[in-house]
Amino acid sequence: MAAQAVPQGFGPSTAQRLPVPEREAMSEAQRAAAQAIIDGPRKALFGPFVPLLQTPQLMECIGKTGETLRFGGSLPDRVRELAICIVARETHNQFEWLMHAPLALKAGVAAEVIDCLLQGRRPRDLAPDETCAVDFVTELMHRHGVSDATYAEATGLFGEPGTVELTALTGYFVSVCWIMNVARTPGPQDSPAGRLSAFPA
């Protein structure tokens with residue numbers, strides 16, 4: 001029997017809790033915040049910025065943080081996208097998984113690695129920087145910190161700035177995944193990635 005896709009958030013309902021308000025119902029601050037996202041590198045209002053539109057000032061700050069991490073960071077694209085996929089898998093967030101699994105493949109992450117994550121398994125046969133990213137992000141999410149050995153490996157590969165960036169990247173995507181889980185923000189319907197199912201028992 002095929003595994004059922006995990007609904008966004010908890011419970012059987014898939015109804016979106018915080019959809020985009022009608023434009024005439026938006027405040028001036030909401031309209032300005034939405035336009036800033038559309039005019040930026042994302043080019044559209046989608047994903048976490050839909051529920052974040054409820055708090056335009058917070059949306060602007062979170063948006064700038066994500067923009068810096070995604071478009072101005074120092075980590076290799078392959079490492080960054082792999083880290084995002086791990087966070088999406090651990091938080092059961094369909095939106096970020098469906099968005100970033102294809103981007104990870106495009107950045108050079110092996111299809112077998114993405115398939116392992118999709119199945120809830122630890123990937124094997126990784127490049128050293130990918131192994132480090134898997135260890136670091138998984139340890140950080142499960143234990144809320146990392147061991148000395150994991151820290152030393154990360155700083156050896158990414159430097160201290162890159163290690164801080166990897167930590168911030170993890171925290172940023174945990175935050176937006178939680179926001180979308182609470183809001184039941186749906187994932188893109190046209191993604192070629194497989195939808196997340198529950199972790200195996």
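Reader: At what angle do helix α4 and helix α6 pack, and how far apart are their axes?

Author: Welcome! This is a predicted model. In it, helix α4 (residues 77-90) packs against helix α6 (residues 111-118) at an angle of about 15°, and their axes are 10 Å apart.

Reader: Why are α4 and α6 called roughly parallel?

Author: The angle between them is about 15°, and angles under 35 degrees count as roughly parallel. That is why α4 and α6 are described as roughly parallel to each other. As for handedness, α4 passes α6 in a right-handed crossing.

Reader: Which residues make the contact?

Author: From α4 come Leu82, Cys85, Ile86 and Arg89, and from α6 come Val113, Ile114, Leu117 and Leu118.

Reader: Let's move on to Arg80. Where is Arg80 placed, and what makes Arg80 count as buried or exposed?

Author: Arg80 sits in helix α4. Its relative accessible area is 8%, and buried means under 20%, so Arg80 is buried.

Reader: How do you know that the side chains of Arg80 and Asp77 are joined by a polar contact?

Author: The contact between the two side chains is 3.0 Å, and the cut-off is a pair of N or O atoms within 3.5 Å. Leaving aside neighbours within four places in sequence, Arg80 is also in contact with Leu69, Arg70, Leu75 and Leu169.

Reader: Why is Gly73 called partly exposed?

Author: Gly73 is found in the loop between α3 (56-71) and α4. Its relative accessibility is 33%; buried would need under 20% and exposed over 50%. The value lies in between, so Gly73 counts as partly exposed. Apart from its neighbours within four places in sequence, Gly73 is in contact with Thr68 and Glu165.

Reader: And what makes Gly162 count as buried?

Author: Gly162 has its place in helix α8 (residues 148-183). Its relative accessibility is 1%, and the limit for buried is under 20%, so Gly162 counts as buried. Setting aside neighbours within four places in sequence, Gly162 is in contact with Ser74 and Leu75.

Reader: How far apart are Gly162 and Asp190 in sequence and in space?

Author: They are 28 residues apart in sequence, and 33 Å apart in space from C-alpha to C-alpha. For Gly73 and Gly187, 114 residues apart along the chain, the C-alpha atoms are separated by 25 Å.

How values were computed: Residues are numbered from 1 along each chain as its sequence is written. This is a predicted model: local features need pLDDT of at least 70, side-chain atom pairs count only at pLDDT 80 or more; totals for chains, interfaces and linings use all residues. Side-chain values use heavy atoms; hydrogens and water are left out. Axes are lines fitted to C-alpha atoms, for helices over the stretch in contact, and angles run from 0 to 180 degrees between N-to-C directions. Helices (H or I, at least four residues) and strands (E, at least two) are DSSP runs, numbered from the N terminus. Angles under 35 degrees count as roughly parallel, over 145 as roughly antiparallel, 65 to 115 as roughly perpendicular and the rest as oblique. A crossing is left-handed if the near helix is turned anticlockwise from the far one by less than a right angle, and right-handed if clockwise. Contact means heavy atoms within 4.5 Å. Buried means under 20% relative accessible area, exposed over 50%, partly exposed in between (1.4 Å probe, protein chains only). A polar contact is a pair of N or O atoms within 3.5 Å; within protein, one must be able to donate a hydrogen and the other to accept it, and residues adjacent in sequence count only if both atoms are side-chain atoms.
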